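Please read the points below with the model open.

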Amino acid sequence: MDALTAEAGTAAMAGGGAEVEIGIEGMTCASCVGRVERVLKQVPGVSGVSVNLATERARVAFAGPPDTAAVARAVEEAGYDVPVSEFDLNVQGMTCASCVGRVERALKQVPGAIEAEVNLATERTRVTAARGAVSVDQLVAAVQNTGYEASPVEQAGSPAEEADAAAARSRRDLFRVVTAAALSAPLLLGMVGHLLGAEWMMPPGWVQLALATPVQFWLGWRFYVAGWKAARSFSGNMDLLVALGTTAAWGLSVYGLLTAHGDHAPALYFESSALIITFVLLGKWLEARAKGQTASAIRALMDLRPDKARLRRGGAEVEVPLAEVRVGDAVVVRPGERIPVDGRVVEGGGSVDESMLTGESLPVEKVVGAKVTGGAINTDGLLVIETTAVGAETTLARIVRLVEGAQASKAPIQRLVDRVSAVFVPVVLGIALVTFVGWWAVTGDATAAILNAVAVMVIACPCALGLATPTAIMVGTGAAARHGILIKDAEALERAHAVTTVAFDKTGTLTEGRPEVTDVVPVEGTGAAEVLRLAAALQAGSEHPLAAAVRRRAEGVTPLATMNFRALAGRGVSGAVEGRSLVLGNRRLLEENGLAGDALAPAASDLEESGRTVSWLAETAPTCRVLGLIAFGDSVKDSARGAVDRLHRQGIETVMLTGDNRGAAAAAARSLGIDKVVAEVLPEGKAEAVAGLRGEGRVVAMVGDGINDAPALAAADVGIAMSTGTDVAMHTAGVTLMRGDPALVAGAIDVSRRTYRKIRQGLFWAFVYNLVGIPLAALGLLSPMVAGAAMALSSVSVVTNALLLRGWNPRS
């Protein structure tokens with residue numbers, strides 16, 4: 001760091017500021033360094049900057065609290081990248097949306113932290129930070145300083161251990177609920193008797209005190225601890241409201257008991273304080289049970305992973321812990337056992353049940369050479385599998401990470417909730433104070449003023465606000481995952497509900513993606529065998545489905561060597577065979593080389609109108625001429641027509657985007673009932689077509705499976721990739737379908753709509769409950785006990801409503 005920055009950093013630290021060091025990728029020269037330094041100096045609060053080209057790092061000193069997110073945005077707007085790392089933490093002790101806000105603010109203030117998302121339902125947080133700038137210990141300390149417990153997710157126990165710990169917490173909480181109910185029951189009966197005129201049912205005042213005090217300060221101690229931690233950090237939460245409200249009711253009763261004189265029976269409200277705490281404890285226990293059920297999808301996926309594997313070593317079978325299996329090991333799987341690793345069948349065969357991974361109900365036949373996925377069940381036959389992936393690299397592990405990431409992410413609609421939650425508790429305390437002062441000033445009755453203020457504090461519930469969105473997202477993404485629909489994040493889920501147009505790639509998405517050569521048409525003077533021989537030579541190194549079809553048709557033909565092979569995106573291929581420069585591809589490639597193909601135009605037109613895809617073979621050197629054409633046919637998937645019909649019933653328009661010729665595309669579209677066709681487009685043309693649809697005001701989902709679909713997937717509002725396609729497509733997409741069934745597209749949109757509906761229902765209930773309940777309490781129309789019961793019910797109802805999504809089925 002240069003002297004200027006060092007001085008600035010020292011001054012900043014002395015003045016309570018901080019220094020952040022971040023990595024920067026993409027700088028190539030001193031001009032880049034100067035550009036980055038200029039943009040960083042313009043970030044508000046920055047007092048010094050030093051950028052090092054050799055280490056590709058920048059040190060930024062702040063005069064006050066650091067704002068790493070602003071620094072990262074400035075670097076990215078300048079055209080460079082800030083490499084980031086993600087940290088996942090377990091956070092215990094949060095009770096409401098206000099707690100979420102406190103933890104997020106604390107984490108974002110750690111120098112180097114860019115973003116923090118806290119999920120109340122899962123009690124986890126994901127922190128995005130500049131790579132190398134933050135340690136997990138710093139993040140844990142930041143959470144602990146706000147009064148909560150935190151630990152890295154990696155230090156969590158196994159699913160079984162976590163389940164045991166959750167069961168123990170549930171038993172402990174249930175004991176508290178039962179004990180509180182037992183102590184509060186005589187007070188409740190006494191209150192009922194008082195209302196019915198049976199005064200004898202009300203226990204004496206000192207007995208009421210003896211019953212209510214353990215409830216208040218033993219069973220309700222958790223509210224004081226959490227409330228004090230919140231108050232100490234100058235914020236508020238649900239626990240603070242409950243602690244203040246019940247303490248006021250208990251204290252008012254003690255005062256009345258101590259100041260009672262003569263035969264005059266004091267007005268006591270011990271039943272209010274005890275029953276409020278009982279109701280809240282009951283609500284929290286029910287809420288925790290319901291929240292545990294929302295994570296059932298993750299647990300079900302993790303349970304698919306066996307603990308041990310059977311290896312074949314030196315002709316013998318040895319059972320070892322799964323962690324000891326390495327890539328290349330031969331794993332033996334007997335009938336009825338789960339496959340422990342990803343791999344390839346090298347011996348044996350049989351049916352494999354992959355329903356928990358792909359949603360496909362029918363077993364899939366596996367033969368030698370077939371790929372298998374860890375977690376699937378070998379239903380019959382003996383399989384010997386060569387391991388290709390273990391641990392975190394297996395398909396099952398990636399699915400779990402994807403679902404966990406979606407459940408931990410925060411939907412855009414949650415931002416509004418966060419803003420409300422940030423001021424919720426202070427506003428409620430203000431309303432309670434106004435209620436107390438107003439009632440005391442108007443009626444002169446301090447007791448009524450305190451009770452109404454207590455009702456205001458107790459009925460206010462930030463918990464329902466904080467749970468409405470994450471619980472619905474957890475259940476929705478979990479239900480989708482069980483049926484082979486993987487949703488990357490909450491933002492993709494929220495966008496998908498508004499989709500009005502679905503654009504499909506044709507080959508491999510709506511069709512089987514296994515075309516076959518149907519016709520070989522040579523020009524006069526060239527034989528069909530010659531056309532096929534040269535085409536097979538050109539396609540020898542290509543992975544395109546059409547190339548595979550040519551090779552299958554040319555089996556038995558002596559292969560020729562190809563020089564200077566090139567894949568021409570969206571057009572075809574080129575290369576040199578036997579000293580001749582050749583091209584094989586669509587009509588656009590023909591025209592680019594100044595060829596027309598007039599002699600074969602009628603044949604090509606007839607083939608295209610019948611739904612065939614036509615590739616032209618031409619020589620560009622030493623002579624320039626068309627040699628012939630090859631026609632391909634690709635059968636439409638059985639479920640494609642039904643998938644398009646279901647989208648139409650959902651009010652969604654369908655579009656086909658394809659690089660195929662217009663005739664083949666139009667024929668396929670007619671057979672499927674697709675509304676619009678855009679044919680003969682390059683990969684960038686697909687992205688432009690998607691952008692054009694969005695420019696018309698449509699919300700567009702793009703469905704594809706290949707590398708050439710990646711730009712269009714990225715350009716769409718929602719990208720949907722078939723897992724039968726390439727990793728590039730799946731990485732770009734917000735939704736991945738675990739099997740190549742286009743019917744799942746409608747299912748993905750349907751589960752998104754249903755989940756979003758649950759989010760809106762939960763938020764509507766949470767907002768309306770508070771907007772109605774707080775004024776009623778302030779006006780004296782709700783007793784503190786009723787307010788406490790209503791507050792407990794609000795959270796439970798929101799979570800229970802979200803759990804209704806667990807039964808979702810794409811065929812329902």
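Which residues does Ala 389 touch, not counting residues up to four places away in sequence? Point 2 gives the answer.

1. Basis. This is a predicted model, in which local features need pLDDT of at least 70 and side-chain atom pairs count only at pLDDT 80 or more, while totals for chains, interfaces and linings use all residues. Residues are numbered from 1 along each chain as its sequence is written, and side-chain values use heavy atoms, with hydrogens and water left out.

2. Ala 389. Ala 389 touches Val 327, Val 341, Asp 342 and Thr 394, leaving out residues up to four places away in sequence; contact means heavy atoms within 4.5 Å. Ala 389 belongs to strand E16 (residues 383-389). Helices (H or I, at least four residues) and strands (E, at least two) are DSSP runs, numbered from the N terminus. With a relative accessible area of 11%, Ala 389 is buried (under 20% relative accessible area; exposed is over 50%, partly exposed in between; 1.4 Å probe, protein chains only). Ala 150 lies 239 residues away from Ala 389 in sequence and 32 Å away in space, C-alpha to C-alpha.

3. Cores. A nonpolar core is a set of buried Ala, Val, Leu, Ile, Met, Phe, Trp, Tyr and Cys residues joined through side-chain atoms within 4.5 Å. The largest one has 151 residues, and Ile 22, Leu 40, Met 94, Ile 485, Val 502 and Val 745 touch the most other members. Helix H27 (residues 743-778) supplies the largest share of this core, 14 residues. A second, separate core of 22 residues includes Ala 537, Ala 554, Val 573 and Phe 632.

4. Leu 40. Beyond its neighbours within four places in sequence, Leu 40 has contacts that include Val 46, Val 49, Ala 58 and Val 71.

5. Sheet. Strand E4 (residues 84-92) and strand E6 (residues 124-130) are joined by seven bridges, and Leu 89 has Thr 125 in E6 as its bridge partner.

6. Domains. The bounds come from an automatic or database domain assignment. Among the domains are domain 1 (19-78) and domain 3 (163-286), whose centres, taken over C-alpha atoms, are 55 Å apart.

Definitions and conventions
Two strands pair if DSSP finds at least two bridges between them.
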